[in-house]
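User: Can you walk me through this one? I'd like to start with the contacts between chains.

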Amino acid sequence: MRLEIDALSHRYGEELAVDDVSFGIEAGELVALVGPSGCGKTTVVQSVAGHVRPTAGRIALRGEDVTDVPPEARGVSVVFQRSTLYPHMTVGENVAYGLGAQDIAPARREELVADHLELVSLADQRAARPAELSGGQRRRAELARALAPSPDVLLLDEPLSALDRTLRIQLRDEIARIQRETGVTTLFVTHDQEDAMALADRLVVMNGGRIVASGRPRDLYESPPTPFVASFLGRANAFDATVLDADPLTLRRGDGTVEVSGFKADAPGVSEGSTVTCHVHPGDLSVRPIGTETTDPSIRGTVTRVADVGRRYDVTVGIGAGEDLVAEQVSSPPAVDDDVAVAFPADRLHLFDREAGRRVSLSAV
Amino acid sequence: MRLEIDALSHRYGEELAVDDVSFGIEAGELVALVGPSGCGKTTVVQSVAGHVRPTAGRIALRGEDVTDVPPEARGVSVVFQRSTLYPHMTVGENVAYGLGAQDIAPARREELVADHLELVSLADQRAARPAELSGGQRRRAELARALAPSPDVLLLDEPLSALDRTLRIQLRDEIARIQRETGVTTLFVTHDQEDAMALADRLVVMNGGRIVASGRPRDLYESPPTPFVASFLGRANAFDATVLDADPLTLRRGDGTVEVSGFKADAPGVSEGSTVTCHVHPGDLSVRPIGTETTDPSIRGTVTRVADVGRRYDVTVGIGAGEDLVAEQVSSPPAVDDDVAVAFPADRLHLFDREAGRRVSLSAV
Amino acid sequence: FRVPGGLVPAVLGGFLLVYFALPFVAFLTRTGTANVLGRLSTPEAQAAVRNSLLTAPVSTAVATVFGVPLAYLLARTSFVGKRLVEGVVVLPLVLPPVVGGAMLLTAVGRFTPIGRIAAGAGVPLTGSLLGVVLAQTFVAAPFVVITARAGFGGVDERLEQASRSLGYGPLATFWNVSLPLARGAILAGITLTFARAIGEFGATMMVAYNPRTIPTRIWIDFIAGGIDTVVPLALALLAITLIVITAVQ
Amino acid sequence: FRVPGGLVPAVLGGFLLVYFALPFVAFLTRTGTANVLGRLSTPEAQAAVRNSLLTAPVSTAVATVFGVPLAYLLARTSFVGKRLVEGVVVLPLVLPPVVGGAMLLTAVGRFTPIGRIAAGAGVPLTGSLLGVVLAQTFVAAPFVVITARAGFGGVDERLEQASRSLGYGPLATFWNVSLPLARGAILAGITLTFARAIGEFGATMMVAYNPRTIPTRIWIDFIAGGIDTVVPLALALLAITLIVITAVQ
């Protein structure tokens, strides 16, 4: 394990910002720490970098406890959300800065600076001042500066959040390429699930100071362990129902029933009469005229809004009890006030025990 | 025309930030002004609000020239990117603030404040201080304050940019609802094409101080007039080619040819031998093993990267000459280094004259 | 929090702190040896306290009324010659008070046109309470201008623009938004101005050696009787300043 | 740009500006009537200029060496009693210089333990150039502390954290990053401190009436000969201050 965070907790005054967080990163891995603003992820990064002394817990690098080691002795480079390039140095001097703290021969230092500027395609900007660079170039110069001293771990703290979407996608691809080329162990922190899923080998999802999920992006997206993860990685799109029968799974909503034929609910504790929260990603829903023949489970409702999002239509369907479902549809949307059936493939239904918020797994019968 | 901007130009010192911008908004319309950071859109908003005196051009509200009218006499409300709630007033006092400048009876004023707090679901926070609100609540309080005095035009200057994606989608829906309910004429400014396309009746796209396109989001997405609009509203995904034949359209790339059977290029100026830029949105591309039977035009290439983005795979295919295409694929992605064909429906190809950057329309033969 | 820079800055900075605090402590321990109330009840001391309590608030009020608008202009507008105006504002701060006093004399002294007219009208500008106010205002006003300017600079301009767009003119916006939000800095500036005004010595000596204020009286007592005779008045001055600072904050 | 608030603040602020500038202009027009070079070449004037040029730079250097680290601590750390320390730092600023001088006398005067030991060792702390330095440092040092603190406060802490993470310890980071980035504010603070030190009058009068500096000499000349006799020395003082300010910026 290159980096190991063990039972980390941190308080600011009375407020518990990080609550018993533990996870590790293998050498060469790119792990994304995601969660909404204020979930405590920046405190975790600052603890790993050594700029915050955690209230409790342990940080280990290459198996060594570094909790009491000052930042300069950790071998951890950081790229922050705001630019931290030194305005009184050129781009080249900025990249060389971290090498100056090490015992490296001047010729070798020159070479390393040139290599890293090459890596981020800024060889021509070596003599420029940071103020002369564009937003994207500044980010790339910071990456070069962070990588030049060959850190054990690279921390990226919301490095894309201040950028336009176009630039953001470009830089995301570039970070992926640079990480592949250098193989540096990376912790990428972001509140943007799209950036996280696009870049990371593994996600660690935080909410309210705690880790609520961790795993491969696709696994978490396809089998979210809690309703929070389902709506955070996708989009909030849920309804409540009562279990009429667990095998085959049959749900009651108001005066209608939803038959999830071919599947049964596994977990103990979900029995007839228990209340569950059902989540379906908007892309998995399809809106059909009532009466269309289908074996997919479906819910009746009335179209309340059709938003033309350019590349698709977001169809909002009121399904009673004040609940709405949003279906993403590529073409031929229904009209507002149409009575429709919202259908979804049975294996795309995510079921959660409403009390405990735990996922209820379904299996084919 | 509720709001009309006519030949607006503005210089900061030597720099021309806005260059001859003209557009109008009908009563009740929601128009989004989009473009990358620094394209001049904020200067346009500030000119409409009256906080910037434009170097040249005219602003008219309800047909009246207001270029020289101070902001307080324009009837234009603004919601800025950063919160501008007054910290020394309660939420209720903030909402009432704009009413105090008008000659409204106290009872009526009370009623208006209550109605607008209701509209943004903040009735319970009336006595709270802005600092006690969450980020989303603060935005909603600002919307209520901006709407309470019944402005002729509502300006929203990047109101969602500082928010998390989840909150952002929520607030976007809320803004859409509020705009529908109040019918207020709205100019929504953003650098985020997704927000713009989701909300707006009409887009005005700016780049480098000029308007480069304007129209319905779907029209601009489906028939982008320039390569910039194509990549700004979608994602940069283009390759260069030479026209071998205009009818039926046949293109040459390196030593391969792409036959766009069933279509011919219309525009004059695109004849045999001219160079064109081709753009296809990533979602329209599909990656197939070589040799698959298809009538769709296709390009050969080698898979250089497969990124698992959770909800889909982004497959990058190197197609020679240093060019890459990204295809979004929902399932069963190819492996890296596979030789593949990247195919697209013929009607999803966007063709641009490379010199002039103008769209070349295609028509079925 | 780990102390950055470790001990070095703490030790260096500590020296300065001790040097600032030591005289203060030594002075206060001296109090016991002097007959404070006795000396404060002499007619001379009473007159000095009365004069200081009359002039310093007036100077502070004048500096505030004219200085706060100036601070707002400096924070919000740019105009040709702004750097010159900024230079003029710090001039009295950089100028030694005796020189400032000498300059004031050349402008409003008894033998200048302005001074002659004023004296003829029965309001002499030197050697009078008005002269004290003139000296104090000249020396102390920059504090409120500079501090209030920093305060206005810290108010997000968008908040003022929002107020304008909500229908309020520039003056109403200044009153409703800018002033309340810069309140802390302005009060700090007023406090500094008052403290500087009530303690003003050099310029007052030049412009109005008579009537005596507390600082000039302290000097005269010191010449006549040494350090112990000045303790009571110095304590009174210190007390007034501390009371005003505490009351404002 | 439209002037916000229109004319009202411009008119009010303009009054104050004129009041600041008028004495300066009046004083400069007076120069012609005085024999500047003649009076500056008297032995007394020469000695005063020499003393001021010796003491003010030393006081400024002392204030900078001890004050900048203190400013950095105040900007970057929080500790118990920080408000008390902040109070001690503004104390000399708020204290009338005469009272500050009196306090210094009670701490290091001839009849205090410290003063006696120093005088015994042949380095008297009062009535000497060292005494002038003590008075100037006490009165002027807060300027560099307060200004440098604001400068350090304006440096994004992340820039320092990045330097730490790149392998530099706290002192190296202070030297490589914090100091260069706060350079402007620190130089401004040094300038203010120098200006205040060379113009110091009230505390110097108490602690070291002898040897004379330019401000104390001006006062003595004024008593003896009136306003015109002080013009040359006042001009010299003004010139030195302006040269230093221009050279630094």
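Analyst: One term before we start: a salt bridge here is a side-chain nitrogen of Lys or Arg within 4 Å of a carboxyl oxygen of Asp or Glu. Also, this is a predicted model.

User: Fine. How many salt bridges are there across the interface of chain D and chain A?

Analyst: The rule finds two salt bridges across that interface. R164(D) forms a salt bridge with E72(A), and the closest N and O atoms are 2.7 Å apart.

User: And how many residue pairs in polar contact across chain D and chain A?

Analyst: Eleven, counting pairs with both residues at pLDDT 80 or more. Helix 8 of chain D gives the most to the side that touches chain A, with seven residues. That side of chain D divides into eight nonpolar, six polar and three charged residues.

User: What area is buried between chain D and chain A?

Analyst: About 1,800 Å², of which carbon and sulfur atoms give 58%. In residue terms, 17 residues of chain D are in contact with 25 residues of chain A.

User: Now chain C and chain D. How many salt bridges there?

Analyst: The count is zero. The rule does find four residue pairs in polar contact across chain C and chain D, both residues at pLDDT 80 or more. On the chain C side, helix 1 (residues 7-30) supplies the largest share, 17 residues. The side of chain C that touches chain D has 67 nonpolar, nine polar and three charged residues.

User: What's the area buried between chain C and chain D?

Analyst: About 7,000 Å², with carbon and sulfur atoms giving 86%. The contact takes 79 residues from chain C and 78 residues from chain D.

User: Back to helix 8 of chain D. Which of its residues are buried?

Analyst: L159(D), E160(D), Q161(D), A162(D), S163(D), R164(D) and S165(D) are buried.

User: What covers the buried residues of helix 8 of chain D?

Analyst: The cover includes helix 1 (41-49), strand 6, helix 2 and helix 4 of chain A. From chain D, the cover includes helix 3 (43-76) and helix 9 (170-181).

User: What caps the N-terminal end of helix 8 of chain D?

Analyst: D156(D) does: a side-chain oxygen lies 3.0 Å from the backbone nitrogen of R158(D). After the helix comes G167(D), with a positive phi near 110°.

User: Helix 4 of chain A, then. How far apart are its end C-alpha atoms?

Analyst: They are 19 Å apart. At 1.5 Å a residue, the 13 residues of helix 4 (residues 135-147) of chain A should span 18 Å, so the two agree.

User: Why call helix 4 of chain A largely enclosed?

Analyst: Because eleven of its 13 residues are buried. Among them are R139(A), R140(A), E142(A) and R145(A). The buried residues pack against elements including helix 5 (165-182) of chain A and helix 8 (157-165) of chain D.

User: Switching to chain B. Is V66(B) buried or exposed?

Analyst: V66(B) counts as buried, because its relative accessibility is 6% and the cut-off is under 20%. V66(B) lies in the loop between strand 5 (64-65) and strand 6 (76-79) of chain B. Beyond its neighbours within four places in sequence, V66(B) is in contact with I59(B), A60(B), L61(B) and R74(B).

Conventions. Residues are numbered from 1 along each chain as its sequence is written. Chains are lettered from A and ligands numbered from 1 in the order in which they are written. This is a predicted model: local features need pLDDT of at least 70, side-chain atom pairs count only at pLDDT 80 or more; totals for chains, interfaces and linings use all residues. Side-chain values use heavy atoms; hydrogens and water are left out. Contact means heavy atoms within 4.5 Å. Buried area is the accessible area (1.4 Å probe) that two parts lose on being put together, summed over both. A polar contact is a pair of N or O atoms within 3.5 Å; within protein, one must be able to donate a hydrogen and the other to accept it, and residues adjacent in sequence count only if both atoms are side-chain atoms. Helices (H or I, at least four residues) and strands (E, at least two) are DSSP runs, numbered from the N terminus. Ala, Val, Leu, Ile, Met, Phe, Trp, Tyr, Cys and Pro count as nonpolar, Asp, Glu, Lys and Arg as charged, and the others, Gly among them, as polar. The expected span of a helix is 1.5 Å times one less than its number of residues. Buried means under 20% relative accessible area, exposed over 50%, partly exposed in between (1.4 Å probe, protein chains only).
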